[in-house]
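Please keep the sequence and the model in view while reading the points below.

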Amino acid sequence: MRKDEASAAAAYLRTVAAFAADTGIDHLVVREPQVPSLAHFGVELPVDGFGLEGLFPSGQAGFHDGAQVLLDIALDLVRVMLPDSGAWCRLEAEDSFAVHVGWDQYLYISSSRPCEEALARTRELGLFHERLDASPYAFEAEEAEQVIQRPGDDDFWADLYRTVATGHAGILEETYLDGASRWHHLTIDTIAPVRVGLTPRARLAVWPPLSTDIDAVLRALPADGLVEGVWQDDDGGNIRSVIADEDEFLELASRISSAHAAALLSVYAGERVPLCTAVMPDNDGVLRARWRTEPAPSDRDWALRQPKG
C-alpha cells in the first residue's frame with residue numbers, strides 16, 4: 001500500500017485499525033525508535049519535535065524502545081511516519097501483529113490471523129495490497145554474533161564506578177533513540193543519578209574524561225573530513241556535542257575555545273572506540289532490546305569471561 005498523496009493517510013490509518021481489530025490488538029510496543037540525526041551544525045528539525053508533540057503524557061521521553069502504547073497512539077505514530085520527515089519505529093504485539101512504514105513509503109502490516117475483513121476494508125478504501133512472506137524492513141538479528149551484548153547491569157555499573165574512581169572514565173554517551181544521543185559527566189557522586197535518569201533500553205558508551213587542555217584539543221582538529229566535538233560548558237555544567245566537517249571547523253573551534261573541557265571523537269567505523277559499551281536491561285534485569293552496540297575491546301574481554309552455554 002503506497003502513499004501517493006497526503007490525503008491517503010486517513011485511509012492508511014483506517015486500514016491499520018482494521019487489521020488490529022481483526023487480530024484482537026488494542027495496544028502495541030515501540031521497537032527500535034529513531035529520529036533524523038541532529039548532531040550536525042545547521043540541521044533543522046524536519047518536523048517540530050519529530051511529530052511527537054502531545055503524543056505521550058511524559059513528553060518525548062515516552063518514545064523509547066519497549067514503550068507500550070494504546071492503539072490510538074500507535075495510529076498517531078503511523079501518521080507521523082507516513083510523511084517520512086519525523087520519528088520512526090516498528091510497532092509490534094509480540095508474535096501476533098506488526099506495522100511500520102518502509103523507506104519506500106509502503107505500509108507493511110503483518111498479523112497472525114487471516115484478517116479477511118481487514119483485507120475487504122482495505123479494498124473498500126481504494127488501497128492496493130500485496131501479500132509478502134515478510135517485510136523487507138522487519139528487524140533482523142545478526143545471524144552469527146561474535147560477541148554477546150553486555151547489559152548495563154549492576155556488574156557493569158560497579159566496573160564503571162571503579163573506572164571513574166581511577167580517572168580512566170569521565171563521560172557517558174547515552175543513545176536513547178537511534179539518531180539522538182545525550183552526554184553525561186561522570187564522577188563518583190554523579191554515577192548513581194545518571195543511571196537512574198537513563199532512558200529505558202538505551203545504548204551506552206563510556207569514554208575517557210574530557211581534556212582541560214583546550215589548546216591541545218584545538219590543535220588536534222584534522223585538515224578535513226568529519227569529526228565530533230564534545231565539550232563541557234565553561235561553568236563545568238552541561239556536555240554538548242556536534243558533528244562538523246572542514247567547512248564548520250571554525251565554528252566548532254569557537255565553541256570549544258570557550259569550553260571548560262573538550263574532546264574530539266572520530267565518527268568513522270573502526271576509529272570510534274569507547275572504553276566499553278552496554279545496553280540497558282529492563283527493570284527485571286532481562287535484556288530485551290534487540291539493538292546492539294559495537295563492542296569495544298574490553299567488551300570482548302568481558303564476553304570471554306562469561307560462563308559458556
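Helix 1 and helix 2, the latter formed by residues 71–81, have axes that come within 10 Å and cross at roughly 145°. The model described here is predicted. The chain has eight helices and 12 strands, and the points below treat a selection of them.

**The packing of helix 1 and helix 2**

- Two packed helices are described by the angle between their axes and the distance between the axes.
- The crossing of helix 1 and helix 2 is right-handed.
- On the side of helix 1, the contact is made by L13, V16, A17 and A20; on the side of helix 2, L71, L75, V78 and R79 take part.
- An α-helix has 3.6 residues a turn, so residues three or four places apart point the same way.

**Helix 2 and its buried residues**

- The buried residues of helix 2 are L71, A74, L75, L77, V78, V80 and M81.
- The elements that cover these buried residues include helix 1, strand 1, strand 2, strand 3, strand 4 and strand 5.
- V80, which lies in helix 2, has a relative accessibility of 7% and therefore counts as buried, the cut-off being under 20%.
- Which residues does V80 touch, leaving aside its neighbours within four places in sequence? V80 is in contact with F50, G51, L55 and A87.
- Between V80 and D247 there are 167 residues of separation in sequence, and their C-alpha atoms are 33 Å apart in space.

- Five strands make up an open sheet, arranged in the order 2-1-3-4-5 with antiparallel pairing.
- Strand 2 (68–70) and strand 5 (107–111) stand at the edges; each has a single partner strand, so one side of each has no neighbour in the sheet.
- On average, neighbouring strands of this sheet are turned by 25° against each other, direction ignored.
- Strands of a sheet pair through backbone hydrogen bonds, either parallel or antiparallel.
- Strand 1 (residues 27–34) and strand 3 (residues 88–93) run antiparallel and are joined by four bridges.
- Opposite V30 stands L91 in strand 3.
- Helix 1, made of residues 9–23, lies across strand 4 (97–101) and strand 5, and runs at about 10° to strand 5.

**Residues in the loops**

- H64 has its place in the loop between strand 1 and strand 2.
- Is H64 buried or exposed? Its relative accessibility is 14%, so H64 counts as buried.
- Apart from neighbours within four places in sequence, the residues in contact with H64 are V30, P33, L177, T199 and P200.
- Q105 is found in the loop between strand 4 and strand 5. The phi angle of Q105 is near 65°, a positive value in a residue other than glycine.
- With a relative accessible area of 13%, Q105 is buried.
- C115 belongs to the loop between strand 5 and helix 3 (116–124). Although C115 is not a glycine, its phi is positive, at about 60°.
- C115 has a relative accessibility of 3% and so counts as buried.

**Aromatic pairs**

- How many aromatic pairs does a search of the whole structure find? The search finds four aromatic pairs.
- One of the ring pairs is formed by F156 and W157, whose ring centres are 5.5 Å apart. The planes of these two rings stand at 90°, so the pair is edge-to-face.
- F156 and W157 are both buried.

**The chain as a whole**

- Along its principal axes, the C-alpha trace of the chain spans about 65 × 50 × 35 Å.
- Of the 309 residues in the chain, 46% are buried.
- Among the contacts in the chain with a separation of 6 or more, 69% are between residues 24 or more positions apart.

Notes:
Residues numbered from 1 in each chain as written. Predicted model: local features only at pLDDT ≥ 70, side-chain atom pairs only at ≥ 80, totals over all residues. Heavy atoms only, no water. Pairing = 2+ DSSP bridges. Helix = DSSP H or I, 4+ residues; strand = E, 2+ residues; numbered from the N terminus. Axes fitted to C-alpha atoms, helices over the stretch in contact; angles between N-to-C directions. Contact = heavy atoms within 4.5 Å. Left-handed = near helix turned anticlockwise from the far one by under 90°. Phe/Tyr/Trp six-rings, centres within 6.5 Å; stacked < 30°, edge-to-face > 60°. Buried < 20%, exposed > 50% of the residue type's maximum accessible area, 1.4 Å probe, protein only.
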